[in-house]
Amino acid sequence: MTYPAPRLHPSETHVSSRAPFMSPFLRPVAACRSLILPGHFLPFRLGERQIGWVSPHLLPALKKAQQELPTHALQLDKDGVTLSGDNPDLPALLEKALHRSTGFLWRDEPFDIRETIDGPVLFQLDRGVLPMLGVLAQGVHANGLVYRPDGLHLWVSRRSATRPLDPGKLDHLAAGGIPAGHTPFDALIKEAAEEASIPETLVRQARKVAVLTYRLERPEGLRRDVLHCFDLDLPESFIPHAGDGESAGFELMPVKRAMEIVAETDEFKFNVNLVLIDLFLRLGLIHGAEAELVSRALYDEPHHAT
């Protein structure tokens with residue numbers, strides 16, 4: 001799919017024209033999109049549907065959970081792990097059993113569980129257990145863009161040092177998971193208000209520009225995430241304020257500077273890099289043969305900036 005590119009100041013065009021094999025943008029993309037399944041993971045099924053992947057390291061906890069659940073509710077064999085689909089209470093019982101045995105970070109935020117991105121909701125689980133079971137999780141990210149006489153700028157947030165995941169990393173102005181029962185746009189309105197105090201009237205002007213996917217193994221488990229990405233044009237007069245304590249502060253950064261940080265450092269939270277590289281591609285800041293290669297690495301179906 002081809003998306004419209006934001007406007008650029010003339011001085012900002014054609015920033016990156018390196019030879020493809022030298023592109024620094026392949027590194028952060030590969031960090032998120034190089035995992036090939038199954039690898040060492042085992043299928044996790046709900047009845048006949050495969051909905052996730054579990055690490056063999058989780059098998060002791062699953063065997064313990066098997067003893068706590070009703071007979072035949074959870075099957076473990078060489079073909080993987082299967083939770084019976086006959087009892088709608090079983091997913092909640094399983095997550096509670098796993099929490100007792102592993103102490104995973106309980107987020108108190110239920111997420112809808114689907115077999116595919118657009119599939120029907122099968123049940124709900126706490127956000128904290130999703131990586132452990134390798135199920136799909138969906139979230140939203142917003143590029144907060146400000147057009148100034150000296151060029152395009154991007155509002156960047158610094159994650160609080162108390163955040164349980166990726167503390168202190170640079171982040172988007174507004175980003176977060178999509179809670180149960182919410183659409184991506186619902187979640188964007190919610191996160192924008194909580195994280196940056198952006199009025200809903202402004203948020204409703206946001207444009208959906210991409211859907212990105214990735215999978216990687218992290219300390220919390222297997223992340224199989226879907227990112228719904230938005231561009232949000234903001235007036236120069238807008239100043240974000242943290243509403244939920246998850247941000248340590250904000251910086252209005254020239255888009256060129258953000259590009260340098262993504263290319264040269266790991267300062268941004270790992271998945272933010274993907275959304276920003278998509279922005280750079282749509283802006284035409286990565287172009288030519290390099291853009292072709294980075295696009296193929298980033299998108300499930302390569303497309304071109306306009």
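Here is a quick tour of this structure, from its sheets and helices to its cores and cysteines.

What you are looking at is a predicted model, where local features need pLDDT of at least 70, side-chain atom pairs count only at pLDDT 80 or more, and totals for chains, interfaces and linings use all residues. Residues are numbered from 1 along each chain as its sequence is written, and side-chain values use heavy atoms, with hydrogens and water left out. Helix and strand names follow DSSP runs, numbered from the N terminus: helices are H or I with at least four residues, strands are E with at least two.

- Four strands make an open sheet in the order S2-S1-S4-S3, with mixed pairing; two strands pair if DSSP finds at least two bridges between them.
- S2 and S3 are the edge strands, each pairing on one side only.
- On average, neighbouring strands of this sheet are turned by 20 degrees against each other, direction ignored; axes are lines fitted to C-alpha atoms, for helices over the stretch in contact, and angles run from 0 to 180 degrees between N-to-C directions.
- S3 and S4 are antiparallel and share four bridges, and Gln-75 has Thr-82 in S4 as its bridge partner.
- H2 packs on the sheet by touching strand S1 (42-46), S2, S3 and S4, and its direction makes about 140 degrees with that of S3; contact here means heavy atoms within 4.5 Å.

- Which residues of helix H2 (residues 59-68) are buried? They are Ala-61, Leu-62 and Ala-65, where buried means under 20% relative accessible area, exposed over 50%, and partly exposed in between (1.4 Å probe, protein chains only).
- These residues lie on the same side of H2, because they cover an arc of only 100 degrees around the axis; the arc is that of the directions from the helix axis to the C-beta atoms.
- An α-helix has 3.6 residues a turn, so residues three or four places apart point the same way.
- Pro-60 and Gln-67 are exposed on the face turned away from the buried side of H2.
- The cover over the buried residues of H2 includes strand S2 (49-54), strand S3 (74-77), strand S4 (80-83) and helix H3 (90-102).

**Strand S12 and its partners**

- S12 is largely enclosed by the rest of the structure, because 12 of its 13 residues are buried.
- Strand S7 (residues 136-148) pairs with S12 in the parallel sense over 10 bridges, with Val-140 partnered by His-228 in S12.
- S11 and S12 run antiparallel, joined by 11 bridges, and a hairpin of two residues links them.
- Tyr-214 stands opposite Asp-225 in S12.

**Nonpolar cores**

- The largest nonpolar core has 39 residues, and those with the most contacts inside it include Phe-25, Leu-212 and Phe-268; such a core is a set of buried Ala, Val, Leu, Ile, Met, Phe, Trp, Tyr and Cys residues joined through side-chain atoms within 4.5 Å.
- H8 gives the most to this core, with 10 residues.
- A second, separate core of 29 residues includes Leu-46, Val-81, Ile-113 and Phe-123.

**Glu-191 and the cysteines**

- Glu-191 sits in helix H5 (residues 184-196) and is buried, with a relative accessible area of 5%.
- How many disulfides does the structure hold? It holds zero, a disulfide being a pair of cysteine sulfur atoms within 2.5 Å.
- The sulfur of Cys-32 is 12 Å from the closest cysteine sulfur, in Cys-229, so it is too far for a bond.
- Cys-32 is buried at 1% relative accessibility, and Cys-229 is buried with a relative accessible area of 0%.
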